[in-house]
Amino acid sequence: MIYLDNAATTAMYPECGEDLIKYSSLDFFNPSAPYAKSIALKTKIESIRKEFLESLHAPDGEIIFTSSGTEADNMALFGAKKWKNAKIIVSEGEHSAVYNSAKALKERGCNVNFAPIDKGGAVNMEKLAELLDEDVALVSVMHASNETGAINDISEISRLVRIYSPKAVIHSDGVQAYLKMPVNLRLLDVDLYTISGHKFHAPKGVGALYIKKGVRIRPVLYGGGQEMGLRSSTENVGAICALSTANAIGNANFDKNYSKKRDLVEYFRLKLIDALPTAQIISPQNSIPNILSVAFENIRGEVLLHILEKDGILVGIGSACSSNKESRFKKLFKLDEGHSEGIVRFSFSEFNNKSELDFVVEKIVLAMHEFGEFKRK
Ligand code: PLP
């Protein structure tokens, strides 16, 4: 199998599996119980919180462990303080975890504004700036797009928000950015930041929300008061420990993996364009190093995906974690008619190599001869 859908999910590092087993069997205790074994687990969780704060370069903030990136995004959107007639701004390019939360807030009567994106997937800064004023309570713009890999200039967004919307809470969904590009929350100056384990080789079902010191949000889950009262429920100790293990491995190998992925994407892009000049690259220059989104001519992305699957190649067509098959991005990328149905997302990990990519390009060209652009000519 050649797996090129790492933006949908990644293979878990085997070391994380050891944590999952250890903390579900040997060390299975409830961290809230008063005996020593439980206290030791509580202490371990606290030290992992610190690890993440260090890794995010925001040591005086708070980390709330959640069951996913989706939950952390929901916490940010629903938990951030709002007032009557307050404005909420989210970018049109957000993952559904933010986008649909914003839509739900709109249905509840909130004044939600969607900031347009450019055709590469990054938010249009001018249009975003036009929406800022004193009434804005929340701004949520993702750090890197899961559709194209486009990087948003979050520090510039924060600078503008602090000037023109000083009461606003700033949230950024960093699910695709964290451990794919350098992330320094001190420089980004956000109040809330989301990460998700399964995008960086930790298990599925664990994520975190960073909260800047002094920023207050309301809980979304009520109960026993775990996670500083913001996210009640017995801590998923094994998953949190596995998250920490993946974080350590990811950080230790960051530079090496960053260059490797950047190199792979560039190799693939050049090879693909050379073999298939009509393929349009959607991902902009300023993207994370592991995603290349491409629009193929006269073929549906889904058709190409299944043709490649027969050769053991797994790719994405975007929004794989959404059950809604009709992507709103087709329109947003402003592609011509011939290309608008043919979007495929290739996303890489450090486990890919160039000979795999040679094979993938070869198979794409064959598929296009049989079903795509060449068939019409
Ligand atoms: N945000 C972004 C940008 C994503 O890419 C994803 C998953 O694809 C999520 C949020 C949701 O994360 P999770 O799958 O952990 O709920």
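**Reading the fold**

Reply: The secondary structure of the chain comprises 13 helices and twelve strands, where helices (H or I, at least four residues) and strands (E, at least two) are DSSP runs numbered from the N terminus. This is a predicted model, in which local features need pLDDT of at least 70, side-chain atom pairs count only at pLDDT 80 or more, and totals for chains, interfaces and linings use all residues. Residues are numbered from 1 along each chain as its sequence is written, and side-chain values use heavy atoms, with hydrogens and water left out.

Me: What radius of gyration does the chain have, and what would a compact globule have?

Reply: The radius is taken over C-alpha atoms, and the globule rule is 2.2 Å times the number of residues to the power 0.38. For 377 residues the rule gives a value near 21 Å, and the chain agrees with 21 Å. The C-alpha trace spans about 70 × 50 × 35 Å along its principal axes.

Me: How is burial read, and what percentage of the residues in the chain is buried?

Reply: Buried means under 20% relative accessible area, exposed over 50%, and partly exposed in between (1.4 Å probe, protein chains only). In the chain, 56% of the 377 residues are buried. With contact meaning heavy atoms within 4.5 Å, residues 24 or more positions apart account for 73% of the contacts with a separation of 6 or more.

Me: How many disulfides does a search of the whole structure find?

Reply: A disulfide is a covalent bond between the sulfur atoms of two cysteines. Here the criterion is a pair of cysteine sulfur atoms within 2.5 Å, and the search of the whole structure finds zero. Cys241 is buried at 2% relative accessibility, and its sulfur is 10 Å from the closest cysteine sulfur, in Cys16, which is too far for a bond. Cys110, by contrast, is partly exposed, with a relative accessible area of 24%.

Me: How should I read phi, and where does Asn85 lie?

Reply: Most residues other than glycine have a negative phi. Asn85 has a positive phi of about 65° although it is not a glycine. Asn85 lies in the loop between α3 (69–79) and β3 (87–91), and is exposed at 61% relative accessible area.

Me: Is His201 buried or exposed?

Reply: His201 is buried, with a relative accessible area of 5%. Its phi is also positive, near 70°, and His201 lies in the loop between β7 (192–196) and β8 (207–211).
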